[in-house]
Amino acid sequence: CPKLFYKDTTIEAWLLGMHQNSRSSTLLDDDAGPTLNGLLTRSTGQLCTLWDGKNIDVQRKQAGSFSVDSPRVSVSLQLQSDIFYGLDKNKAKNVRDSGLGARFLIFEPSSTIGTRFDDSLSWPADALERFHQRLVELFSGQENVTLTLSPDAQVLRRSHYNEIELAMGP
């Protein structure tokens with residue numbers, strides 16, 4: 001099974017992994033402070049390139065050269081709000097100026113602490129396994145999969161996009 005998920009990685013290792021395993025991959029980190037700081041320190045340009053879907057050629061003097069054809073990436077980084085808001089101002093400016101910030105949907109849900117009572121609901125035992133199997137199916141395909149939004153979803157996406165764009169002005 002190809003390696004599809006990465007955590008606590010460098011951009012170099014991630015690209016090499018996509019070259020060796022699968023051009024489709026996900027960067028997952030549930031404690032993303034160190035990962036985010038490391039990636040933003042050195043790699044905003046390369047991270048932006050991953051979203052283009054164009055071939056990436058990596059030239060290395062000692063490690064050898066390789067390419068990643070039509071990369072498909074997803075990123076899910078979770079971190080506490082204090083860490084996010086505490087990011088170095090220069091890094092945050094670099095993220096915005098490079099366009100990397102526009103490639104992320106950032107949200108801060110309200111805390112549920114103090115409201116998570118046991119209501120005796122149970123999830124189907126195999127729900128998580130079915131979800132993981134579906135991810136493997138989608139990522140293992142050789143052809144590109146195009147997901148199309150319904151007309152209602154397109155209206156919601158456009159409305160949300162315009163709200164974000166307006167808020168970014170200042």
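Begin by selecting isoleucine 164, which you will find in helix α7, the stretch of residues 151-168; helices here are DSSP runs of H or I with at least four residues, strands are DSSP runs of E with at least two, and both are numbered from the N terminus. This is a predicted model, in which local features need pLDDT of at least 70 and side-chain atom pairs count only at pLDDT 80 or more, while totals for chains, interfaces and linings use all residues. Residues are numbered from 1 along each chain as its sequence is written, and side-chain values use heavy atoms, with hydrogens and water left out.

Isoleucine 164 counts as partly exposed because its relative accessibility is 36%, which falls between buried (under 20% relative accessible area) and exposed (over 50%), using a 1.4 Å probe and protein chains only.

Next, select helix α5, residues 89-98, which is hardly covered, with one buried residue among its 10 residues. Just after α5 comes glycine 99, which takes a positive phi of about 90°. In the loop between α5 and α6 (127-140), select glycine 101, which counts as partly exposed at 25% relative accessibility. If you then show cysteine 48, you can see that its C-alpha atom and that of glycine 101 are separated by 9.2 Å, although the two residues are 53 residues apart along the chain.

Serine 25 counts as buried because its relative accessible area is 0%. Its side chain is joined to that of tryptophan 14 by a polar contact of 2.8 Å, a term for a pair of N or O atoms within 3.5 Å in which, within protein, one must be able to donate a hydrogen and the other to accept it, and residues adjacent in sequence count only if both atoms are side-chain atoms.

Finally, show the whole protein, which has seven helices and five strands, arranged along the sequence as β-α-β-α-α-β-β-β-α-α-α-α. Of its 170 residues, 22% count as buried.
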